[in-house]
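Open your viewer and switch to a cartoon view. We will go from stop to stop, selecting a few residues each time.

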Amino acid sequence: MKVQLIAHTPDPDKLIAAAAKLCYSAVGTDEIMEGLTEEKTEKFIDMLSSLGHESPVEHATFTFAVEGVSRSLLAQLTRHRIASFSVQSQRYVDKENFEYVIPPEIDCIPEARELFIKAMDADRETYKELNRILTEKHTKTNLDAGMDEKKAKTTAAKKAQEDARYVLSNACDTKIVMTFNVRSLYNFFSLRCCSRAQWEIRDMACEMLRLVKEVSPALFKNAGPSCVKGKCAEGAFSCGRALEVREIIRNGGKV
């Protein structure tokens with residue numbers, strides 16, 4: 001897995017502090033950026049956090065590029081609807097030699113690992129054969145319709161991938177570019193940095209949190225699972241390790 005922070009709102013803390021300043025003072029728009037020292041900026045951010053007033057933090061966004069993650073992770077990720085996603089297409093990208101993610105619990109057992117790899121190899125061969133059969137069919141159809149040979153083959157190959165991809169495993173790798181505003185990141189981290197989250201998306205979320213803290217430690221100092229800021233929100237499903245998890249997350253580690 002590779003996670004990169006590729007862009008973010010310039011000086012996000014100050015922008016959010018300016019929005020908060022407008023909410024809580026009589027200043028006009030010409031003055032909202034004035035006098036926002038580092039100390040005053042952090043004070044505004046702390047005030048927003050203590051009040052639970054999160055709408056001002058929506059003005060700042062962070063964009064990540066991720067690769068080496070599975071389509072299984074993607075299915076969980078896109079449940080976070082207040083975000084923007086661009087995902088590598090299995091229609092337009094040939095996945096004949098796709099990479100795949102092996103879950104750690106399978107990887108640590110030689111017998112299970114061997115079985116998993118055999119399944120992935122078979123999946124690649126099935127995808128390849130389906131692509132061949134479908135490409136031949138579509139090429140013939142295109143040629144019969146009067147299309148020149150080069151275009152007939154190219155168009156046929158793309159169309160074949162549309163249906164061949166249905167055999168691809170959830171373990172198949174993908175690449176993603178995604179943008180969140182800060183409020184959405186708070187929600188994402190609260191759910192996905194938790195020890196009860198699925199391991200792959202948890203690893204990604206913890207790395208994302210580490211990266212944004214480097215840019216804006218004040219803005220994200222209380223970000224993470226609910227136990228970082230207060231009481232665990234998982235109730236009877238709590239991992240029972242709140243103090244340990246809190247320290248790991250605050251120190252930039254992965255649960």
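Select residues 61-70, strand β2, and residues 173-181, strand β4. In this predicted model, nine bridges join the two strands, and they run antiparallel. Now pick out A65 in the pair: V177 of β4 stands opposite A65.

Show H8: its bridge partner in β2 is F62.

Move on to the helices. Select α7 (residues 182-192) and α8 (residues 199-215). They pack with their axes 9 Å apart, at an angle of about 135°. This angle makes α7 oblique to α8. The crossing of α7 past α8 is left-handed.

Which residues make the contact? From α7, show L185, F188, F189 and R192. From α8, show I201, R202, M204, A205, M208, L209 and V212. Colour them by class: nine are nonpolar, two are charged and none is polar.

Last stop: helix α5, residues 110-144. Find N142 in this helix. Is N142 buried or exposed? N142 is buried, because its relative accessible area is 13% and the cut-off for buried is under 20%. Now show what surrounds N142. Leaving aside neighbours within four places in sequence, N142 is in contact with M147, A152, T155 and A156.

How values were computed. Residues numbered from 1 in each chain as written. Predicted model: local features only at pLDDT ≥ 70, side-chain atom pairs only at ≥ 80, totals over all residues. Heavy atoms only, no water. Helix = DSSP H or I, 4+ residues; strand = E, 2+ residues; numbered from the N terminus. Buried < 20%, exposed > 50% of the residue type's maximum accessible area, 1.4 Å probe, protein only. Contact = heavy atoms within 4.5 Å. Pairing = 2+ DSSP bridges. Axes fitted to C-alpha atoms, helices over the stretch in contact; angles between N-to-C directions. Parallel < 35°, antiparallel > 145°, perpendicular 65-115°, else oblique. Left-handed = near helix turned anticlockwise from the far one by under 90°. Nonpolar A, V, L, I, M, F, W, Y, C, P; charged D, E, K, R; others polar.
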